[in-house]
Amino acid sequence: MKKRPVIITCALVGAELSRKDTPYLPMQPHEIIRSGLEAGEAGASILHIHVRDEKGLPSLDPKILKQVAFGIRAHNPNLILQVSTGGSVKDSFQQRKKVLLSQFDMASLSMGTTNFANDIFLNPRPFIQDLANKMSMQNILPELEIFNLAMLEEALHFRKRNIITDKAPFGFVLGVPGALSASFENLTLLHSRLPAKALWTCTCIGKRQFPMIKEIVHMGGNLRLGMEDNIYLSKGKLAFSNAQLVQKAVRIINSEKYEVAHPKMARKILGLPS
Ligand code: KMH
Ligand code: ZN
């Protein structure tokens with residue numbers, strides 16, 4: 001018998017990588033749309049979306065975001081679209097707030113400031129609160145991005161004060177250099193601090209992505225992966241597409257006798273309109 005459905009999020013492109021890292025990175029709107037649709041065919045229900053400008057540089061341009069959301073919705077309206085409010089470490093708070101458009105079902109909401117490789121990813125409390133209020137007013141479900149233990153405590157602080165809805169899933173991002181590494185022990189610690197019945201997902205950056213999948217699903221989590229987080233299918237072998245990464249994750253999930261949620265199921269689990 002199949003066990004509970006696991007929701008897969010595919011983070012299609014992110015803001016950090018370039019074609020020097022992988023020639024297969026989707027960057028122009030039509031490439032991101034196609035890559036998202038393929039990832040959806042392969043088993044992803046949620047697409048975590050960043051966009052790039054015409055030079056391939058990270059962008060938060062609402063016009064490009066709308067174009068991508070519209071293009072995906074036109075072919076597959078069930079996929080859950082999650083816009084990144086994280087952007088890149090260089091983006092201003094003003095730019096990061098402007099991405100909250102009605103086209104998106106969800107938005108990432110990072111729960112504190114963290115070292116991010118050689119940079120600082122800034123998320124002071126008033127900014128988090130402002131984003132959370134805007135999401136609530138626009139009926140956008142936040143995913144609470146947690147890069148270390150203090151960020152989880154911050155999420156619980158906002159939840160307790162009803163600034164963030166109890167329905168918001170937690171998203172652990174492990175393995176960013178300068179933040180919490182992607183180990184079973186660290187995941188166990190974070191998991192032990194979650195409220196009962198909380199929905200959560202986890203991504204592990206880089207080579208720990210695939211080895212951690214079994215632990216994540218056995219602990220009750222959902223899964224995020226994609227070229228934003230990891231570009232390799234296996235050691236030294238670049239993935240040609242986001243769909244290939246999703247397909248590999250689906251095989252691992254199914255081998256553990258879990259099923260993969262399709263988008264309508266995922267909408268129900270997350271309490272999103274279908
Ligand atoms: N690009 C990182 C600085 C998010 O999407 O919300 C932030 C990030 C998190 O990727
Ligand atoms: Zn992101």
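These legends describe close-up views of one predicted model.

**View 1. Three side chains hold the zinc ion.**
The zinc ion (ligand 2) is coordinated by His 48, His 50 and Glu 228. Each histidine uses its NE2 atom, and Glu 228 uses OE. The distance is 2.1 Å. Along the chain, the donors follow the spacing H-x1-H-x177-E. Are the two histidines, His 48 and His 50, buried or exposed? Both His 48 and His 50 are buried.

**View 2. Two cysteines without a disulfide.**
How many disulfides does a search of the whole structure find? The search finds zero. Cys 202 is in no disulfide, and the nearest cysteine sulfur, that of Cys 204, lies 4.1 Å away. Cys 204 is likewise in no disulfide, with the sulfur of Cys 202 as its nearest, at 4.1 Å. Cys 202 is buried, with a relative accessible area of 1%. Cys 204 is also buried, at 0%.

**View 3. The largest nonpolar core.**
In soluble globular proteins, nonpolar side chains tend to be buried together. Here, the largest nonpolar core has 84 residues. Which residues have the most contacts inside it? They are Leu 47, Ile 49, Met 111, Ile 146, Phe 170 and Phe 172. Helix α8, residues 242–255, gives the most to this core, with seven residues.

**View 4. Met 111 and the residues it touches.**
Residues up to four places away in sequence are not counted here. Met 111 touches Ile 128, Leu 144, Glu 145, Ile 146 and Met 151, among others. Its contacts also include Glu 154, Ala 155, Phe 158 and Ile 164.

**View 5. A second core.**
This core is separate and has nine residues. Among them are Ile 7, Ile 46, Ile 80 and Ala 261.

**View 6. The largest pocket.**
About 710 Å³ of space lies in the largest pocket. Its lining has 35 residues. Which of them lie nearest the centre of the pocket? Ala 15, Glu 16, Leu 17, Phe 116 and Glu 228 do. Glu 228 also coordinates the zinc ion (ligand 2). Strands β7 (106–110) and β9 (119–121) each supply at least two residues of the pocket lining.

**View 7. The largest cavity.**
Rolling a probe the size of a water molecule over the atoms shows where empty space is left. The structure holds one cavity of 30 Å³ or more. About 70 Å³ of space lies in the largest cavity. Its lining includes Thr 9, Glu 143, Pro 169, Leu 199, Trp 200, Thr 201, Asn 222 and Leu 270. Ile 7 and Ile 46 line this cavity too, and both belong to the second core.

Methods:
Residues numbered from 1 in each chain as written. Chains lettered and ligands numbered in written order. Predicted model: local features only at pLDDT ≥ 70, side-chain atom pairs only at ≥ 80, totals over all residues. Heavy atoms only, no water. Donors = N, O, S within 2.8 Å, 3.2 Å for Na, K, Ca; no water. Buried < 20%, exposed > 50% of the residue type's maximum accessible area, 1.4 Å probe, protein only. Disulfide = S-S within 2.5 Å. Core = buried A, V, L, I, M, F, W, Y, C linked by side-chain atoms within 4.5 Å. Helix = DSSP H or I, 4+ residues; strand = E, 2+ residues; numbered from the N terminus. Contact = heavy atoms within 4.5 Å. 1 Å grid on protein atoms, 1.4 Å probe; cavity = no way out; pocket = protein on both sides within 12 Å on 5 of 7 lines; lining within 4 Å. Points joined across faces, edges and corners; volume = space filled by probe spheres on them.
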